[in-house]
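Me: I'm new to this structure and would like to learn how to read it. Could you walk me through some of its features?

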Amino acid sequence: MAQPTAQNSTIRNVLLAGILLMLAGDFLFALNDAMGKWLVASFSVGQVVLIRSIGAFFVLGPMIARQGTAKLFRMERPELQVLRVVMTTLDTALFYAAVVYLPLADVMSFYMAGPIYVAALSHLLLGEKVGWRRWMAILVGFCGVLIMLKPSSAAFSLSSTFALAGSISFAFAIILNRRLRGTSDTSLVTWQTIGTLLVGAVLTIGNWQTPSSLDFGAMLLLGIVSCGAHLMITRALKLAPASTLAPLHYSLLLWAVIFGLAFFGDMPGPRILIGSGIIVLAGLFIFHRQKVVDTVPPEHVPKGVN
């Protein structure tokens with residue numbers, strides 16, 4: 001009797017670790033979004049993505065050295081690895097392309113649809129159990145997003161297509177993270193960083209503008225922050241079901257309010273407070289409905305993944 005109890009306790013601890021890592025990663029992503037919005041106002045998307053990717057190797061370099069470069073080329077399911085690199089690269093490039101022309105709130109409203117895509121894809125592709133109550137909670141949470149981040153009249157432009165395509169790419173990347181949880185975090189994030197670096201280099205051709213030392217340092221720091229966020233979220237997705245973690249991305253909205261107030265002087269109005277309250281309640285309900293033994297059976301708890 002003691003053994004099943006201990007095993008269940010281990011599974012709960014693993015799930016909790018995944019949730020905390022996802023929340024921490026989302027905090028860093030919110031910081032990354034605010035910094036990126038500021039930088040693409042002065043520099044091309046390609047240049048920001050290129051230097052950002054170089055900055056990520058300040059974090060990845062020691063990790064690659066510790067793991068060994070040979071392991072980078074010993075990957076499970078190479079075809080899925082390539083597809084994941086494509087999805088994460090599209091996600092990054094399309095996000096920055098969208099915020100050049102659209103308000104950050106508009107872009108975020110498209111990305112907040114990600115949990116809906118993930119929940120459906122998790123059920124179809126991963127076999128994760130998503131009950132009707134959690135489906136309703138996710139939909140209610142998205143209604144809160146729409147209240148909080150009402151799209152402007154520019155939402156139906158070509159730029160909105162970038163945001164929509166980016167959010168779909170983001171959802172597919174989350175699903176592929178779960179499918180490839182046997183691959184080390186270092187390998188996953190290294191290859192996606194190489195993908196964004198190459199795309200950034202191509203987009204920079206003919207669009208290079210020499211940055212000041214401060215701007216160059218900010219773009220390198222952007223890479224460090226985003227790399228840390230990717231590592232945390234990649235690890236989180238190995239520890240807990242995608243359909244459970246995806247709604248936690250709504251915490252980005254809280255940080256968006258805080259950073260908007262701190263950096264841009266944006267004061268949240270009643271619509272922001274009402275929407276955020278709905279989102280928090282929906283997220284808490286989703287967490288309450290989570291059944292660990294149904295979605296993370298003991299044999300699927302990752303062991304020795306570095």
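Reply: Happy to! Keep in mind that this is a predicted model. Let's start with a pair of helices: helix 3 passes helix 7 in a left-handed crossing.

Me: At what angle do helix 3 and helix 7 pack, and how far apart are their axes?

Reply: Helix 3 covers residues 78-101 and helix 7 covers residues 158-179. The two pack at an angle of about 150°, and their axes are 7 Å apart. Angles over 145 degrees count as roughly antiparallel, so helix 3 is roughly antiparallel to helix 7.

Me: Which residues of helix 3 and helix 7 meet?

Reply: On the helix 3 side, they include Leu80, Leu83, Met87, Leu94 and Tyr101. Among their counterparts in helix 7 are Phe162, Phe170, Phe172 and Leu176. Sorted by class, this contact has 15 nonpolar, five polar and three charged residues.

Me: What does Tyr96 touch, not counting residues up to four places away in sequence?

Reply: With those set aside, Tyr96 touches Asn32, Gly36, Val40, Val45, Val49, Arg52 and Leu222.

Me: Is Ser226 buried or exposed?

Reply: Compare the relative accessible area with the cut-off: under 20% means buried. Ser226 has a relative accessible area of 3%, so Ser226 is buried. This serine lies in helix 9, residues 213-239. Not counting residues up to four places away in sequence, Ser226 touches Asn32 and Arg52. Both Asn32 and Arg52 are among the residues that Tyr96 touches, too.

Me: How far apart are Leu252 and Ala30, in sequence and in space?

Reply: In sequence they are 222 residues apart, yet in space they are 5.8 Å apart, C-alpha to C-alpha. Leaving aside neighbours within four places in sequence, Leu252 is in contact with Ala30, and also with Asp26, Phe29, Met108 and Met112.

Terms used
Residues are numbered from 1 along each chain as its sequence is written. This is a predicted model: local features need pLDDT of at least 70, side-chain atom pairs count only at pLDDT 80 or more; totals for chains, interfaces and linings use all residues. Side-chain values use heavy atoms; hydrogens and water are left out. Helices (H or I, at least four residues) and strands (E, at least two) are DSSP runs, numbered from the N terminus. Buried means under 20% relative accessible area, exposed over 50%, partly exposed in between (1.4 Å probe, protein chains only). Contact means heavy atoms within 4.5 Å. Axes are lines fitted to C-alpha atoms, for helices over the stretch in contact, and angles run from 0 to 180 degrees between N-to-C directions. Angles under 35 degrees count as roughly parallel, over 145 as roughly antiparallel, 65 to 115 as roughly perpendicular and the rest as oblique. A crossing is left-handed if the near helix is turned anticlockwise from the far one by less than a right angle, and right-handed if clockwise. Ala, Val, Leu, Ile, Met, Phe, Trp, Tyr, Cys and Pro count as nonpolar, Asp, Glu, Lys and Arg as charged, and the others, Gly among them, as polar.
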